[in-house]
Amino acid sequence: MTEAILIMLTLGGVCGAVLSIASKVFYVYEDPRIAQIEYYTAGANCGGCGYAGCSAAAVAVINGKASPNVCVVGDAESAASIAEIMGLDAGSVESAISYNTCKGGERKEEKFSYIGVATCKAASSLYGGKNVCGVGCIGMGDCVKACNFDAIKIGEETIPVIDSNKCVGCGACVKACPKNILSVKTMSERLLEFNNIDGKLAPCSQTCPAEINIPKYISQIIKGDYQGAVNTIRERNPLLLSCGRVCPHPCETYCRRGIVDDSVSINQLKRFVADYEMNSGKRFPITCAPDTGEKVAVIGGGPAGLSCAYFLRRLGHSVTIFEAMPTLGGIIKYGIPEYRLPKKVLDWEIEGIVNLGIEVKTDTKLGRDVDLQSLFASDFKAVFLGIGAWNDYALGIDGENLKGSWKGINFLSSVANGRKITIKEKKAAVVGGGNSAIDCVRTLVRKGAKEVYIVYRRTRKEMPANEVEIIAAEHEGIKFVFLAAPTKVIGNKNGEITHLEYLTMELGEPDASGRRRPVPIEGSETTLEIDMLITAIGQSPDISFIDKDSDLKELKTTRWKTIDNDPLILQANLPYIFTAGDCATGPSLVVDAIGGGRRAARSIHLYLTQAEEEESENKIEPVENALYKKHIPESIFETLEGVVKKPRVTMPELPVEERIKTMDEVDLVISEKEALTEADRCLDCCRICYNKETTETQA
Amino acid sequence: MGDYILLAVSCILVNNILLAQYLGNCPFLGTSKKMETAIGMAMAVIFVLVLAGTITWITDTYLLKKFGLEYLRTIAFILVIASLVQFVEMFLKKSIPALYAGLGIFLPLITTNCAVMGACLINIKEEYTFIEALVSSFSYAVGFGLALILFAGVRERVLIARVPKPLQDTSIALVVAGMIALAFYAFKGMA
């Protein structure tokens, strides 16, 4: 007996000794946090997280490849503990759950009926599935089988329905689905997404320069989930109050309903939810990813700069905005008059963005107060240029600099700044046909000008201004002088303007822009009696800072004085400089600048997070399959069936007699009831299918 | 030589550790859902079983039998196999990280797997010589791998078949396992 005990003890001792020696000899340094993190994982080695066992997942967390909530079995508490080990704020841990992107269901059409092995994988290998729509759900439930947590079932509509309480966001369903129907993405990943040529996108979402998921927020409005709708918009556009007011809504042009009926008033719905938030008295919370500690300088606090700063902040970077003017807002603050976008509304919106933790330095101009050298010295790793286009073009005619002559943006920003300008009883002419010109004339009317002319060298049809703006100007009594090219400004001996001389034009052959080129009729000089002239014929970016800064000498620009870059990547030829908005595109829409700001934020994020690993000379990889400003041909229809005509909601506005006396906002918000009726007009389109209406469904 | 081949065939097919001896059922059901996992598991079992068979044979012959402690065989084997697997894990991590990455998660899972333990005990019970023990350990492991991979293949096919509700998942797996076992039963005639 003693012998047995002794031998077993010896055997145990030998094994123990060998192991302890081995642990010294074969010691591999491991981050001690790996063991700590592994302690908080479930320890089941289930592989649900996509890594080979819990220790592999722990290693991935340490390497920053997985987030603290990597363990799909662990609860929020264990994720928080892991976040603490990693030194992250537990509250900002990003979680994701599965989201079904296909709305096909019962409404989708089939090419053939399929009798075969009941899996999506098998069904999709036969001509890509039975659906007419190549990207839609097949509905055989491969995702249901793949889900380890019983969180997915195929609902009545034969599309996956996800139980958000059970879903842990492991992504098993995503891997199982042959059609990419399900998406498990964290907030950061969603912010970085682009519209894709294989996307399940309605024509309106394809058109939107900011790539907002329009049908999603309209369906959220229908459900009464206004906060959800605001959050959906905010994933692409932080300036929803402003866009809800000033956006020329190119999306509505492509609204499928518009083929047979009036298009859905998408922008008014956006404005409705945006105003709903503002009027509710509290801000809906905006989530941000954990801090990365990287610093980015945003030059210019206009729509592009604000958008870029907002998305960078949500991705966890530290952002400082440098603004040359006394307050943020850029062209939408100083260039868009009060009656279209009240300063109070804009300031409220900007405050919400700045409150995310963005530092702001106003009255600070690049090239005057800061330069690249000082930015790098303060640890900024990347610079975003969103300086806009503030240099007005000149007419280049005699007498242009006489007393009483103004430039468009200069005039509008002076009015916005509250500078005293005598306009009362003046006879004023505005040269130009764009939105700035219309903004000038409508401002002049409100400031008491006796007669206001708009002088444009083509006809009304060619005017680049928004149609609604032109109509509003007509209502307000603006006189339009078409086919007129100014040749001379005539003044009296005091140097004050008395007349504008112009040549009458006729339209000739179409030019490069597709518009018919105006040709002067000889000897048709006419004079117009005026005492004030505003030139609003376009702007270019002020890039004088480039010559002042030796570090920027190499920066490539175009002949339109814009900064040269790829419209998707937005990285300039200097790899640490990114740019968007008017200074990259030339004068364009607010929503273009916002979309550009997000694309630039994505590139900056990639530049900051990937540059060290990949030796690609800090160039951001081109984006494949991005839809960018194009349309998916199969989703653009010529004709449409199954639509019952319903009138579009009309925009409530101040009566003309009242509005031309004040700078009060002209367009008013629609009521909740109107919003719901309007939202109901939406066909909830996807790539091909949409909700068909019958006379019964209307009743 | 012929004897060894006969022994190998007997261990792989006739006395297959999973389907004829019904040992190691947990990994058989647990890791057979996916072909990838099944292959990884099979490789890990071959690796561990050869090592375990060798070391237990040595322990038994030179330690336990010498001191007449055969009644402590089971507990001694557990100790030896567990230590061995731990040792091998450390060794691989340091010296052959690529192999560790492939087998890493399976090694601790089969530390004291009943198939491994069973094969080692059979080696002793049948009074194999060292070489025979080596061949039989390897063959049992190959048999394990064969059955596991066959079964995983079948289960992947079952997954896309229309299975009646009450029989879904583990029930159908057990039914299928029984059928494969019946098929292997036919090898009995060869011995």
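**Entry 1: helix α1 of chain B**

I looked up the buried residues of helix α1 (residues 2-14) of chain B and found Cys11(B), Ile12(B) and Leu13(B). I took a residue as buried if 20 or more other C-beta atoms lie within 10 Å of its own, as exposed if 12 or fewer do, and as partly exposed in between, with C-beta atoms placed from the backbone. Helices (H or I, at least four residues) and strands (E, at least two) are DSSP runs, numbered from the N terminus. I noted that the cover over the buried residues of α1(B) includes α8 and α9 (170-185) of chain B.

I record that this is a predicted model, in which local features need pLDDT of at least 70 and side-chain atom pairs count only at pLDDT 80 or more, while totals for chains, interfaces and linings use all residues. Residues are numbered from 1 along each chain as its sequence is written, and chains are lettered from A and ligands numbered from 1 in the order in which they are written.

**Entry 2: helix α3 of chain B and its partners**

I next examined helix α3 (residues 35-64) of chain B against helix α8 (residues 130-159) of chain B; their axes come within 8 Å and cross at roughly 165°. α3(B) is therefore roughly antiparallel to α8(B). Axes are lines fitted to C-alpha atoms, for helices over the stretch in contact, and angles run from 0 to 180 degrees between N-to-C directions. Angles under 35 degrees count as roughly parallel, over 145 as roughly antiparallel, 65 to 115 as roughly perpendicular, and the rest as oblique.

I found the crossing of α3(B) and α8(B) to be right-handed. A crossing is right-handed if the near helix is turned clockwise from the far one by less than a right angle, and left-handed if anticlockwise. The contact of α3(B) with α8(B) contains 21 nonpolar, five polar and one charged residues. Ala, Val, Leu, Ile, Met, Phe, Trp, Tyr, Cys and Pro count as nonpolar, Asp, Glu, Lys and Arg as charged, and the others, Gly among them, as polar.

I then turned to helix α4 (residues 73-95) of chain B, which packs with α3(B) at an angle of about 135°, the axes being 10 Å apart. α3(B) and α4(B) are therefore oblique to each other. Their crossing is right-handed. Among the residues that meet, I listed Val48(B), Leu51(B) and Ile55(B) in α3(B), and Phe77(B), Val80(B) and Leu84(B) in α4(B). Two residues are in contact if their C-beta atoms, placed from the backbone, lie within 7 Å. By class, this contact of α3(B) with α4(B) has twelve nonpolar, two polar and two charged residues.

I counted 27 helices and 20 strands in chain A. Of its 699 residues, 44% are buried.

I traced an open sheet of five strands in chain A, in the order β7-β6-β5-β8-β20, with parallel pairing. β7 (359-361) and β20 (577-579) of chain A stand at the edges with a single partner strand each, so one side of each has no neighbour in the sheet. Two strands pair if DSSP finds at least two bridges between them. Strand β8 (residues 380-385) of chain A is joined to β20(A) by three bridges, and I noted Thr579(A) in β20(A) as the bridge partner of Leu385(A). Helix α24 (residues 590-610) of chain A lies across β5 (295-299), β8 and β20 of chain A, at about 165° to β8(A).

**Entry 3: where the chains meet**

I found 21 residues of chain A in contact with 19 residues of chain B. Helix α1 (residues 2-25) of chain A gives the most to the side of chain A that touches chain B, with eleven residues.
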